[in-house]
Amino acid sequence: MMSFNALVVVSMCYVTLLFAVAYLAERRAAEGHSNWLHSPWIYTLSLSIYCTAWTFYGAVGYAARSGLEFVTIYLGPTLVMVGWWWILRRLVRIGRAQRVTSIADLISSRFGKSTQIGMIVTVISVIAGTPYIALQLQSVTLSFAVFAQLEGASWQQAELTLTAMWVAIGLVVFTVLFGTRNLNANERHHGIVMAIAVEAVVKLLALVAVGVFVVWGVAGGPGAMMARIDASDIVLWDQDGSRWISLIFLSAAAFICLPRMFQVLVVENADERHLHVASWAFPLYLFLMSLFVVPIAVVGLDLLPAGSNPDLFVLTVPLSQGQSGLAVLSFLGGFSSATSMVIVATIALATMVSNHIVVPLWLKRQAHEQAVMSGDVRYVILLSRRLSIAGILALGFFYYLSLI
């Protein structure tokens, strides 16, 4: 069984790998060798930030509580990519034509580049995004706590708070280093996107690996797994049609409108032809992410004691069977799901804060005092984004404190 200290070392090595990937991607882009970074496969994998820690861990818990209703979170984006990809193509074209850098920029541009509209959208986005960031911190912290519990340590609020704080600090450092290294007119971040693509592969492999182990290693094959599902207490088909329609609509809207999704869908898109690949490849990715959710939920309910948290079955089921290596891979998958979402969300929100709140206020003040120098504007933008990243993650951390 892997010790908690060993898990910390593995986590640090994984973070170091992500730093190296992001650094090399940034360096290659700076040298003008960025053609391979503009691959449609990298673009498609970057869309995986839709699959947060809630999707990686929480979908299993959702299935344990509500049956197949968890599928709605995958159906919404799938319908958008398969049936409405032309809308996304138009968004990309509008974004490129009008140099749109965020969802706030897009909405304000429809009202004559209104500064007030941009500010309102930014404030709403920051407020709405704070609980989401807090949930990612919570998922990573609880994952660490599961491994600590194996060594007999029962974490209290102090340990949970300290862990969440260090995770938040690490995310601030990574995001500032690779999200605000320089100013780009297109607001593209090659290093961040490449690191997210790597994390997308890790979380998919992790969830599929746990699912394969559950079906073939625990249940004894697909036939035996289906028998377990039929005998379980999970009500798969007793569903409210109107509720399904509402949830599918909400997930589809979130896929297009969330600041982090707009960032990767529109802002980071280097070629609209990438949408042709993404229109089928990303739904396939979502299908693979959802394929083993019900089996893991059913086996978790069968094997683990009553009252066990179903949101952590992806971790606790392998651990209950002595599969520490698989559990560590699952941990890295959940870690990837949480961190990739937080990184892109904070970059998108920080860009909105600097462009639609800080810079307009600063320019208004400078106009009354002296001529504005381009170097001064550059410094203000970079500084405001770095401080905004730290501030947004601090908001997420303090909101997390209200959850524990």
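# Surface patch, salt bridges and helices in a predicted model

Leu162, Met165, Trp166, Ile169, Val173 and Leu177 together make up a nonpolar surface patch with about 540 Å² of accessible area. A patch here takes residues with over 30% relative accessible area and no salt bridge, joining like charges within 9 Å and nonpolar side chains (Val, Leu, Ile, Met, Phe, Trp, Tyr) within 5 Å. Accessible areas come from the Shrake-Rupley method with a 1.4 Å probe, and for residues only the protein chains shown count as cover. One of the patch residues, Leu177, sits in helix α8 (residues 157-179). Leu177 is partly exposed at 39% relative accessibility; buried means under 20% relative accessible area, exposed over 50%, and partly exposed in between (1.4 Å probe, protein chains only). Helices (H or I, at least four residues) and strands (E, at least two) are DSSP runs numbered from the N terminus.

The model is predicted: local features need pLDDT of at least 70, side-chain atom pairs count only at pLDDT 80 or more, and totals for chains, interfaces and linings use all residues. Residues are numbered from 1 along each chain as its sequence is written, and side-chain values use heavy atoms, with hydrogens and water left out.

## Salt bridges

Side chains of opposite charge can pair when their charged atoms come close. A salt bridge is counted when a side-chain nitrogen of Lys or Arg is within 4 Å of a carboxyl oxygen of Asp or Glu. By this rule there are five salt bridges, including those in the table.

| Salt bridge | Closest N and O atoms |
|---|---|
| Asp311 with Arg65 | 3.1 Å |
| Glu272 with Arg93 | 2.8 Å |
| Arg228 with Asp302 | 3.5 Å |

Asp311 forms its salt bridge with Arg65. Asp311 lies in the loop between α14 (293-303) and α15 (313-320), and Arg65 in helix α3 (residues 53-66), so the pair ties together parts that are 246 residues apart in sequence. Asp311 is partly exposed, with a relative accessible area of 24%, while Arg65 is exposed at 52%.

For Glu272 and Arg93, the closest N and O atoms are 2.8 Å apart. Glu272 is in the loop between α12 (259-267) and α13 (274-290) and Arg93 is in helix α5 (residues 85-97), so this pair ties together parts that are 179 residues apart in sequence. Glu272 counts as buried at 18% relative accessibility, and Arg93 as partly exposed at 43%.

Arg228 pairs with Asp302 in a further salt bridge. Arg228 belongs to helix α10 (residues 222-231) and Asp302 to helix α14, so the pair ties together parts that are 74 residues apart in sequence. Arg228 is partly exposed with a relative accessible area of 25%, and Asp302 is partly exposed at 43% relative accessibility.

## Cysteines

How many disulfides does a search of the whole structure find? The search finds zero, a disulfide being a pair of cysteine sulfur atoms within 2.5 Å. For Cys257, the closest cysteine sulfur is in Cys51, 18 Å away, which is too far for a bond. Cys257 is partly exposed, with a relative accessible area of 45%.

The 13 residues of α5 should span 18 Å at 1.5 Å a residue, and its end C-alpha atoms are 18 Å apart, which agrees. The expected span is 1.5 Å times one less than the number of residues in the helix. Within α5, Leu88, Leu91, Val92 and Gly95 are buried. Seen down the axis of α5, the buried residues fall within an arc of 100 degrees, so they line one face of the helix; the arc is that of the directions from the helix axis to the C-beta atoms. An α-helix has 3.6 residues a turn, so residues three or four places apart point the same way. Arg90 and Ala97 are exposed on the other side of α5.

Arg99 lies in the loop between α5 and α6 (103-109) and is exposed at 56% relative accessibility. Its phi is positive, near 55 degrees, in a residue other than glycine. Most residues other than glycine have a negative phi.

The buried residues are Phe313, Val314, Leu315, Thr316, Val317, Pro318 and Leu319. Gly322 follows α15 and has a positive phi, near 75 degrees.

Ser46 is in helix α2 (residues 40-46) and is buried at 1% relative accessibility. Ser46 and Ile296 are 250 residues apart along the chain, and their C-alpha atoms are separated by 26 Å.
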